[in-house]
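Hi everyone, thanks for having me. Today I'd like to walk you through some salt bridges, slowly and with plain definitions. Please have a look at the model with me.

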Amino acid sequence: MLAIVMSLAALPGPARSAEPQVPVLWDSKERLPKPDLSTLPRLRFLTTTDFPPFNFIDKSGRLSGFHVDLARAICAELGIAEQCQIQALPWDELGGALNAGEGEALIAGVPATAETREKYAFSRPYLQFPARFIMKKAQAVTEPLVDKLRDKRVGVLAGSAHERVLRDYFGDLKVVTYAKPDWLNADLKDGKLDAVFGDGMRLSFWLSGTDAAGCCRFAGGPYLAPEYLGTGLAIATKPDNAALAAAFDYALHEISAKGTFAELYLRYFPVSFF
């Protein structure tokens, strides 16, 4: 069953170790057509302020974050830095603002689902959220985990997509469900669990925080299963503006190939969740 999980991750060759990785979602050999946006009067990205480290107000009162820097990098790659603007709005106002012509694109974590694809045209995903195991540093093991974690107590959030992945593909574990992530992580730290399975990004924040106190690390993975965990983050435009979404694909591909994406990723996610 493990092979199925790893095949969903689209990872070449054997399973990756838990060493920090920068996600690479683009084929460097692919050639995308360069768009001509010379007639575009302005490109306004709409985002939020309350989704750190993606979007937040910094100590100087400026809109900052991974999405802000990524939007600027996209505009620079498209040669329209002077036309680029970034505006923050409450989450529930984003769709209405885009439809009202108050912006050209949403870079705010709008999920690309069957429902949202009826409302927006999307770029390809620029970031995905893998599932990961974390363990105490002294007990952390490497792939293949399916045998090494057999009969071990593994904690997971009750009712989550990660619980479904754990039960469907790692059936010989002793699954222990929790209502709150704080309880889950604390029991791992205290030795009451052998491992925790969950969202790699959120686990990376805990690993780098004071609550973890350096107790633990990633083990094995990462695991990408789109039908359980979604396809990741993409930039949304109006449904009749697919050409702009394609322009974002070109810029994101170039940003990845030139190493700009890796620089931004490590700036905001120093404990990589890949």
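I'll begin with the background, then go through the pairs.

This is a predicted model, so local features need pLDDT of at least 70, side-chain atom pairs count only at pLDDT 80 or more, and totals for chains, interfaces and linings use all residues. Residues are numbered from 1 along each chain as its sequence is written, and side-chain values use heavy atoms, with hydrogens and water left out.

First, the annotation. An unreviewed UniProt entry places "domain: Solute-binding protein family 3/N-terminal" at residues 42–272. UniProt positions here follow the numbering used here, feature names are shortened, and annotations may be inferred rather than shown by experiment. Over residues 42–272, the chain is 34% helix and 21% strand, with the end C-alpha atoms 34 Å apart. Helices (H or I, at least four residues) and strands (E, at least two) are DSSP runs, numbered from the N terminus.

Now, how many salt bridges are there? The count comes to nine, where a salt bridge means a side-chain nitrogen of Lys or Arg within 4 Å of a carboxyl oxygen of Asp or Glu.

Let's start with R124 and E30, whose closest N and O atoms are 2.8 Å apart. This pair links distant parts of the chain, 94 residues apart: R124 is in the loop between β6 (121–122) and β7 (131–136), and E30 is in the loop between α1 (2–8) and β1 (43–47). I'll also say how accessible each residue is: buried means under 20% relative accessible area, exposed over 50%, and partly exposed in between (1.4 Å probe, protein chains only). R124, at 33%, counts as partly exposed, and E30, at 23%, is partly exposed too.

Next comes R44 with E104, a salt bridge with its closest N and O atoms 2.6 Å apart. R44 sits in strand β1 and E104 in the loop between α3 (94–99) and β5 (105–106), so the pair ties together parts that are 60 residues apart in sequence. Are these residues buried or exposed? R44 is buried at 12% relative accessibility, and E104 is buried at 15%.

The next pair sits within one helix. R167 and E163 meet at 2.8 Å, N to O. They are four residues apart in helix α5 (residues 161–169), so about one helical turn separates them. R167 is partly exposed at 44%, while E163 is buried at 13%.
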